[in-house]
Amino acid sequence: MKFLDHLEEWLITFLIGAATLIIFIAVMHRYAAGLPIPGVQDWLLRLDLGSAQELTIIMFVWMAKFGAAYGVRTGIHVGVDVLINSLSGRTRAKFIVFGLLAGALFTGIVGTLGAHFIWENGAHYAFVKAFGMATGDLYPGPTTPDLEWPTWIVYAAIPFGSYLMCFRFLQVTVSFIRTGELPHHDHGHVDGIEEDAVSVDVNPYSMDDDLHMHDLKYKKRHSQQKVGDGDTAADKGEPK
């Protein structure tokens, strides 16, 4: 179970890092190929990176599905719980368990339907062919336009992500029954940053800093207000 504790983070980190790198390389290739550099330009033009956009789209689809499972585990999904929170303790707990189990049932059904879909859409054919068995009348399935990958590989994000969400719903349900606590995500928290109170010496409503645009009239008026409000009689040049 320890391996599954941070499975979503590992997958999302890898996918978003790889997608960013692919997009960066594709953009640099596009601009560099337009430079009239002898030899280099011909070599760059021979490189086919037209499928980079399709690949990154597929990676973002997988990120979204595993991100949904991450949301269940950490409690960041949006929910309308005004009515439930107004109930008494035991009744509230029953409704929460019912909602979590309903989420597990729904994602389990979606995962099962998705698994059946990709199995009939080419995964069965690929499995049989990979083991050297006769494919018979099995449907090989369509392919993507640019990469020419079997589309069932792309759609496999549905059963994998949905089953992982189902598992996370059940995991949260068991944890709630044992401890009475639900996962809660602090939207203001940033990992790696201390949460101790930091003294603020700058008044955000003051204009007497270098963060705002000033004009000469403002500075003159502001300096006069300082003399009128905070200085002593001797500083103003008045008799004590």
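Contact here means heavy atoms within 4.5 Å. The model is predicted, and local features need pLDDT of at least 70, side-chain atom pairs count only at pLDDT 80 or more, while totals for chains, interfaces and linings use all residues. Residues are numbered from 1 along each chain as its sequence is written, and side-chain values use heavy atoms, with hydrogens and water left out.

**Exercise 1. State which residues Thr56 is in contact with, leaving aside its neighbours within four places in sequence.**

Begin with the location: Thr56 is found in helix H3, where helices (H or I, at least four residues) and strands (E, at least two) are DSSP runs numbered from the N terminus. Next take the accessibility, for which buried means under 20% relative accessible area, exposed over 50% and partly exposed in between, with a 1.4 Å probe and protein chains only; at 6%, Thr56 counts as buried. With the sequence neighbours within four places left aside, the contacts of Thr56 are Ala19, Ile22 and Ile23.

**Exercise 2. Compare the span of helix H1 with the expected value, and find what covers its buried residues.**

Helix H1 covers residues 7–32, which is 26 residues, and the expected span of a helix is 1.5 Å times one less than its number of residues. From first C-alpha to last, H1 reaches 37 Å, close to the expected 38 Å. The buried residues of H1 are Leu7, Glu8, Leu15, Ala18, Ala19, Ala26 and His29, and their cover includes helix H2 (40–46), H3 and H7.

**Exercise 3. Work out how many aromatic pairs there are, and describe the pair of Trp62 and Phe160.**

The rule takes rings of Phe, Tyr and Trp (its six-membered ring) as paired if their centres lie within 6.5 Å, with planes under 30 degrees apart counted as stacked, over 60 as edge-to-face and the rest as tilted. By this rule the count comes to five aromatic pairs. For Trp62 and Phe160 the ring centres are 6.2 Å apart and the planes stand at 35°, so the pair is tilted. This pair links distant parts of the chain, 98 residues apart, with Trp62 in helix H3 (residues 52–74) and Phe160 in helix H7 (residues 157–179). Phe160 is exposed, at a relative accessible area of 52%, and ring pairs link Trp62, Phe66 and Phe160 into a cluster.

**Exercise 4. Classify the pair of Trp119 and Phe127 by its ring geometry.**

The centres of these two rings are 5.9 Å apart and their planes are at 50°, so the pair of Trp119 and Phe127 is tilted. Trp119 counts as partly exposed at 36% relative accessibility, and Phe127 counts as partly exposed at 42%.

**Exercise 5. Locate Glu148 and say what its phi is.**

Glu148 lies in the loop between helix H5 (89–130) and helix H6 (151–155). Its phi is positive, about 60°, although Glu148 is not a glycine. As background, most residues other than glycine have a negative phi. Glu148 is exposed, with a relative accessible area of 58%.
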